[in-house]
Structures are given as C-alpha cells and as structure tokens.
Amino acid sequence: KPAPGCLACHSLAPDVVVVGPSLAGIGHIAKEAAAEMADQTAADYLYTAITEPDAFIPAGYEAGKMYQTYGDELTEQEIADLVAYLQTLE
C-alpha cells in the first residue's frame with residue numbers, strides 16, 4: 001500500500017485539524033524550532049519531521065499517529081521537494 005499524502009491527515013488552512021495539526025505556517029514554525037536547536041536549519045527540522053515523525057510531537061498530539069515510513073518509501077529527491085514546499089508555507 002503506498003504512503004498516504006500529507007493532506008490525508010493535515011490541512012493547509014490555519015487552525016483546521018483533520019487528524020494531525022494544520023500545516024499552515026509550518027515554514028515559520030520550522031524556522032523558529034531550528035533557531036532553538038544547535039546546528040539545525042529549518043530544512044533539517046522538516047526533513048527529520050518527515051523521516052522520523054515522532055522526533056517532534058506538537059503539544060496536544062500523540063506519538064505514533066503519523067505515518068512512520070515516509071523516509072523509506074519516498075526518494076531523497078521527493079523528500080527534498082516536500083521540504084522545499086513546506087518551507088514556503090509561511
């Protein structure tokens with residue numbers, strides 16, 4: 001079974017929860033999170049969030065809910081494209 005797309009569980013509209021948190025503003029959130037971590041960029045944060053989905057759990061959500069194998073099922077280029085797109089969601 002192929003990996004589900006992000007919009008199966010995430011909205012792009014602010015404050016709209018489908019299953020997981022809205023991705024509206026994720027580019028800004030990633031910048032802020034990376035600024036608090038040593039040697040991390042917003043791209044690093046997003047890459048980790050995709051490939052290790054339990055690494056960063058937003059308040060009010062449970063670990064293990066996000067699809068766990070995007071890192072195995074998506075190519076490095078697909079992940080890079082996804083990270084680049086998510087960074088545009090300011």
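Where is D15 found? In this predicted model, D15 is found in the segment before helix 1.

Most residues other than glycine have a negative phi. D15 has a positive value, near 65°, and is a residue other than glycine. D15 is exposed, its relative accessible area being 78%. D39, which is not a glycine either, has a positive phi of about 60°. D39 sits in the loop between helix 1 and helix 2. With a relative accessibility of 78%, D39 counts as exposed.

**Helix 1 and helix 2**

Helix 1 is made up of residues 26–35, and its buried residues include I26, G27, A30, A33 and A34. These residues cover an arc of only 125° around the axis, and therefore they lie on the same side of helix 1. Among the elements that cover the buried residues of helix 1 are helix 2 (42–51) and helix 4 (76–87).

Helix 2 is mostly covered, with seven of its ten residues buried. The buried residues of helix 2 are A42, Y45, L46, T48, A49, I50 and T51. The cover over them includes helix 1, helix 3 and helix 4.

**Aromatic pairs**

How many aromatic pairs does a search of the whole structure find? The search finds two aromatic pairs. In one of them, the rings of Y45 and F56 have their centres 4.3 Å apart and their planes at 25°; planes under 30 degrees apart count as stacked, so this pair is stacked. The pair links distant parts of the chain, with Y45 in helix 2 and F56 in the loop between helix 2 and helix 3 (70–73), eleven residues apart. Y67 and Y70 form an aromatic pair that is tilted, with 5.0 Å from centre to centre and 55° between the planes.

The ring residues have these accessibilities:

| Residue | Relative accessible area | Class |
|---|---|---|
| Y45 | 11% | buried |
| F56 | 23% | partly exposed |
| Y67 | 26% | partly exposed |
| Y70 | 8% | buried |

Each pair can be read against the table. In the stacked pair, Y45 is buried, whereas F56 is partly exposed. In the tilted pair, Y70 is buried, whereas Y67 is partly exposed.

**Surroundings of Y70**

Y70 lies in helix 3. Which residues is Y70 in contact with, leaving aside its neighbours within four places in sequence? They are A3, P4, G5, C6, I50 and I79. One of these, I50, is among the buried residues of helix 2. For P4, the C-alpha atom is separated from that of Y70 by 9.1 Å, the two residues being 66 residues apart along the chain.

**The loop between helix 2 and helix 3**

The loop that holds F56 also holds I57 and A63. I57 counts as partly exposed, at 35% relative accessibility. Leaving aside neighbours within four places in sequence, I57 is in contact with E62 and A63. A63 in turn touches D54 and I57, residues up to four places away in sequence not being counted. The C-alpha atoms of A63 and P53 are separated by 8.0 Å, and these residues are ten residues apart along the chain.

**The largest pocket**

What volume does the largest pocket have? The volume is about 750 Å³. The largest pocket is lined by 33 residues, of which H10, P21, L23, P58 and M66 are the closest to its centre. Helix 1, helix 2 and helix 4 are the elements that give two or more residues to the lining. Helix 2 gives the most, with four residues. By type, the lining of the largest pocket divides into 25 nonpolar, five polar and three charged residues.

Terms used: Residues are numbered from 1 along each chain as its sequence is written. This is a predicted model: local features need pLDDT of at least 70, side-chain atom pairs count only at pLDDT 80 or more; totals for chains, interfaces and linings use all residues. Side-chain values use heavy atoms; hydrogens and water are left out. Buried means under 20% relative accessible area, exposed over 50%, partly exposed in between (1.4 Å probe, protein chains only). The arc is that of the directions from the helix axis to the C-beta atoms. Contact means heavy atoms within 4.5 Å. On a 1 Å grid over the protein atoms alone, a cavity is a set of points where a 1.4 Å probe fits but cannot get out, and a pocket is an open set with protein on both sides within 12 Å along at least five of seven lines; lining residues have an atom within 4 Å of a point. Grid points are joined across faces, edges and corners, and a volume is the space filled by probe spheres set on the points. Ala, Val, Leu, Ile, Met, Phe, Trp, Tyr, Cys and Pro count as nonpolar, Asp, Glu, Lys and Arg as charged, and the others, Gly among them, as polar. Rings of Phe, Tyr and Trp (its six-membered ring) pair if their centres lie within 6.5 Å; planes under 30 degrees apart count as stacked, over 60 as edge-to-face and the rest as tilted.
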